[in-house]
Amino acid sequence: MHFQGDLALLTLTEDLADPDELAPVEIRELGVDARFQSCSALGLPAMMTRVARGVAPLEAVFDIASNSARSHGYLSLELGSHPPEGPAPWSGMSGASVFHAGRWLLGVVVRDSVNWAHSRLEAAPIGTFFDELPLADAPFLGARPLTERDAQDAEFLDSYRREVVRQYGHIVLFGLGAHGHTDHISIEHAYVSLRAGLPTPEPTTTNQARPVEQLLAKNTCLLLRGDPGAGKSTLLEWLAVSMARHTCTGPLEPFNDRIPILLRLRDMYAHWWKQAEGPDGVPPTPERFLDFNRMATGTELPHGWIRRMLDQDRLLLLVDGLDEVLEGHREGVLHWISSLLRDYPSLHIIVTGRPEALRHLPQLERLGFAQLRLLELDEKQRAELIHKWHEAAALGVRADNEEEREWRVNRLTDLETTLTDHINRSADLPALAATPLLCAVLCKLHEVHGTRLPRFRQALYKETIDMMLGMRDMDRKVPDPLPYLEVEQRRAILSWVASYLTTEGEREITPERFDEKIRDRLSSLGRDAGTYSAGDIREALKQRSGLLVAPSEDSLRFSHRTFQDYLAATDMVAQREFGQLARHAREETWDDVLRFAMSRCSVADTAEFVAQIRRKLRLVTDSKVRDRMRMAAASCIPYTVQMSEEDRAWLVSGVAKSFRSIAKKSGTAGEIDLSSYAVVGSDLLGALTRDFDWQDKLLSRRAIELAVQVGGPEAVRLLARIPHRERQAVSALLVSAWSQFPGTEYADTVLAGLNVTDLVIQSAEQLGLARALGKVANLSVTETVPVDKVIEFAAEHGVRVLGLPRSALRGGTSLTSLSSVRNLSGLALGTELLKVRKLFDEDAPHFSAPGKFEGMRYRLPALPGLTDLSLLYLPVDWAEQAPGWERLSHLGLFGQAAQRVALVRGLPALTDLVVGARAGFSMPRDLVHPGVTRLAFHTQSRALNLTNLPSAFPNLTELALRGPLDSPPHTDLTCLAPMTQLRVRLIGFNRDRSLVDGIDALPKSRLHWR
C-alpha cells in the first residue's frame, strides 16, 4: 500500500516526556491472527486548526483488530472509550505514532475511519514506509513479526523488573534501624565497588586486583569466592537492581538487555519451600525459579516464560551461597548447575560462596567456570564505606526537634572523621575492618562506645551482639520492651535458636518453632523471664535487635549467617556439646562455629574439645577426612583463650606434617591453596622451624608463601632463620613480600645482605631500610622519593638499571650526579619501561604513550657507559651532549621526547629505537640514521604514515608496528617494498585489507602478524 500526504514539522516548547523515563523503542511488524490491546497513538489533535502555545499532546488508547493489516492494508485502531468531543476530534492526529507497550513502534495514523463515528482510526503499518527505499528493510531483517505472546512476555518483564527493584533496591546497613536511625537505604547509595583477583596461593597484589564489575562481564560462568561479610550477596543484589533499572555502565552495559534471576540456595531449607517440594536440599527447576525467589509481581506469569527467556539467552542466573548447602546436598546442586548448562550452553551464571566450601570443586572447573576471589577492603574503599554508613545514618536521624537533629548529624560527621583516622593509625583495626560487614560493625560500635574498639574478630562479634541486644536508643528515650531480661539472657535465647538451626542445617525458622525453642528452656533463665510470653520475646528481638529479619510472614532468620554461627557456638559450649562440635569438624560449613566455640572455652573446656577431636579421628579411616578434621581443629588455635601446650602441639604437628606433604607434591609450577594452613597462624610457623629442610627449594618456597600469608613477628622470625645461601636463592620472593611486613625488622633480619635483581622503592623510609640489602641490579622508584638519595643509593649498591620518576624531570633539575653510578647501563626517566630491549621481544607488552605533563625541564650529562635509555622528555642539553653517548645502542622516546626524534641522528652507536608517540605523529623528513637496524613503533594515531621511513633508516632490518589496543591504525606498507632486508611485524593488527594497504608489495616471508 502506498501513502501520500503533506508533512508538518512541529517544534514543541517543552519535552513530551523526561528522556530518562523513555525505554528503547523497537520497530516491529505485527504477526497475523493477533489482537493487540492497550496500544496507544501519541499525537497533537487541534494543532492544525488553531495556533496556540502549550497545546497538550493526546495519548489515545486503542485495540488493534487481528488481520486488519493483511485484509485491508492498514491497521484498524478501535477506540476503547468515547472519542473526543467535536465535529473533527482527530484533526491533527495524522502522523501520530502507534506504539504497543511503549516499546514497539507499529505504525503511523493516517486518517479517521469513515462511518465509524470517530471511534476508529486507520494507521499505516510501519513497514510500508520502507517499501520503496533501498536497504530500508534492514530494521526488519531477522526480526520475526510481533505476537500476542511477545506482548504478554514484555508486560510481565516490566512487572518483574519492578519487583526486582522493590525486593532488592534497598538494603539495611548494619547498625541502622534500631538506635535512632531509619533502616532502609537505597542500594545504589550504599554500594561500594569491591576488588577481585585470582584465588592464587599468595595474596593478590595491588596490580593484580581489578574492580569486580570489570571482571563480571568477562566471564560467562563465574565462581566468586568471598569471606563472611565480604559483600557477595550485596553485590548480586546491586547487579540485579542495576540490570532491572537499565543503569549498568561500562563493561556491564550489555547486562541491561539481560534479565537477572537471583536464587539464594539457603532457601532450599526454608519451611515454605520444604512444604512445596518435600525433602531438603532440592534446587528449583526453571519453571519454579520465580516461586523459589518469591517474586510476587502482581502479574500472571505467562506459561513457559522462563524457558523462552532461556531459549533466547536473556537470563543472568545469580546463585548465592553455595557454601550454605549441606555437604550431603552439594553434589545434587552441582548436578543441577551442570544440567542447566547442558540444556542452555550459553547461559550466563554467577555462583558465590565462602572460600572454604569452594576450594575443591572440579565439577565447576570442568564446566568452564572462571574463579575469582573478593579481596579485602583497601584504605580508599574502607573510607568510602565508613562515609556512606555515617551519611546514611545522618539521612535517617530521628529527633524530637530540629536542634537535636542537627546536633546528631554533626556528631555523626565528627564520628566519621574520628573512626577513619583511628583505623588508619591502628596496627590491628585495618585487618578487622577488612570486609563490608565488619567495617559497618565497627561503625556502629564506634558510634556507641567511641574508640574503645576490640582487636579480635570474636570479641568484635560478642560486643556487637551485646550492644544490639541492649535495644536502647543512645538518648535512652525509647523504653526497653524487655526490662526484666538482661543482655546475657537475651543472648542465651537467641543462642538456643541459632544452635537449633545450625544443628539442623537450616537458615530459617517459623515463628511457631521459634516460640517452641524459647518455651523449652525459658524457665532456665529464672522467674523474671517468665514475665514474658515466647511471642512477646520473639517480637521484641525481631523489632529492636537488628539481629533477626523476616524474609516472609511465616519465617525468621539471622541478619547475617556469622551471627548465627557465633550464637550457636555460644550455646554449644554452654551445653558442653563438644562431641557434636568434633563430629562436624569434617564439614566446612561448621568452621566458624568451631572457631567461635573455642573462643568461648575455658582451659578445661578446651581440653575436652581436643579430646573429642582425638576420639572422632580414631573412628575415621579416610585420610582426606582426617586431614580435614585436623585442619579444622588447628584453625581454632588463634581463637583460643587458654590451651595446654600438649594439646596445642598435638593439633599443630598434624597440620605441619600435612603441609610438608602437600608442599612437596605441589610441583614447581603448580599452585596450592595455602589459606587453610594460614588460618592456623603463627603456631604452625613455629612448628615448621623445627628440623626444616631449607635446601628443599620447593618446600622452602611454599613455607615462605605461607609465612607471607600468616604475617606477624613469628613469620619474620621464620624467614630470618633461612640460611643465607638458601635465602639468596629465593631473594626475589622475599623482596616481593616486603610490603606485607612494615617496620625495620624484616629489612634488617630477612633482607640484609641479599643481592636483588629487581627492587621497587615507594617511599623515602623504604629506601633507607633498603640500605641493608647487598647489590641491586634493577631499581625503580616512585614519585615520593628525593632523587639525590636515590642516586646515592644506586651508587652504593651497584645499580645497573635505574628508573627515576617524573618528579626528577621538573624545575630545571640537574642529574649530573648520575655519573657517580659507575655500573649504570640502563636508565629510564619518567617512563615505566626499564629496558628498551624488552619491546623487541616476540611477546612484548603494549606500551602506551604517556599523557602530557608540564614543567618537565632538566639537564642530563652524557653517560659514556650507558647502553639502554628511555625518555619521556628530552633534556634541554640533549643536542650538545648527544656525541658523548658513546655506547648508547637502545633508545626509547615517548610522549614529548618522541616529537623530537630527529635529534637521534647525533647518537653514534644507536642500533635499536623505540618510538611511543601520541596521535598526530609522523616521521620527520630530515631524519637520517644509517646505524638503526631495529625500530619499534607504538602509536595512538588512527593513521600511520611510513613514507619517510626508508630514507630515515636505510639499513633497517626489523620493524614492529603497534597500534591502539582498541582500534589499530590505517597504514600503507607499499613504501617498504624496496627494503629487501626488512622484516615487518604487525602486532595488534588484523588481516583486514581495509586497514593495511600494500600487503601484496611484500613477500609473505617478510610479513608477520600478531
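Helix axes are lines fitted to C-alpha atoms over the stretch in contact, and angles run from 0 to 180 degrees between N-to-C directions. Helices themselves are DSSP runs (H or I, at least four residues), numbered from the N terminus. The model examined here is predicted, with local features needing pLDDT of at least 70 and side-chain atom pairs counting only at pLDDT 80 or more, while totals for chains, interfaces and linings use all residues. Residues are numbered from 1 along each chain as its sequence is written, and side-chain values use heavy atoms, with hydrogens and water left out.

Helix H15 (residues 457–470) packs against H16 (residues 487–504) at an angle of about 105°, and their axes lie 9 Å apart. The two helices are therefore roughly perpendicular to each other, a term that covers angles of 65 to 115 degrees. On the H15 side, the contact (heavy atoms within 4.5 Å) is made by Lys462, Ile465, Asp466, Leu469 and Gly470, and on the H16 side by Val487, Arg490, Arg491 and Leu494. By class, this contact has four nonpolar, one polar and four charged residues. Here Ala, Val, Leu, Ile, Met, Phe, Trp, Tyr, Cys and Pro count as nonpolar, Asp, Glu, Lys and Arg as charged, and the others, Gly among them, as polar.

H16 also packs against helix H19 (residues 561–574), at an angle of about 100° and with the axes 7 Å apart. That makes H16 roughly perpendicular to H19. Residues of H16 that meet H19 include Arg491, Leu494 and Trp496, and their partners in H19 include Gln564, Leu567 and Met572. The contact of H16 with H19 has seven nonpolar, six polar and two charged residues.

Terms used
Angles under 35 degrees count as roughly parallel, over 145 as roughly antiparallel, 65 to 115 as roughly perpendicular and the rest as oblique.
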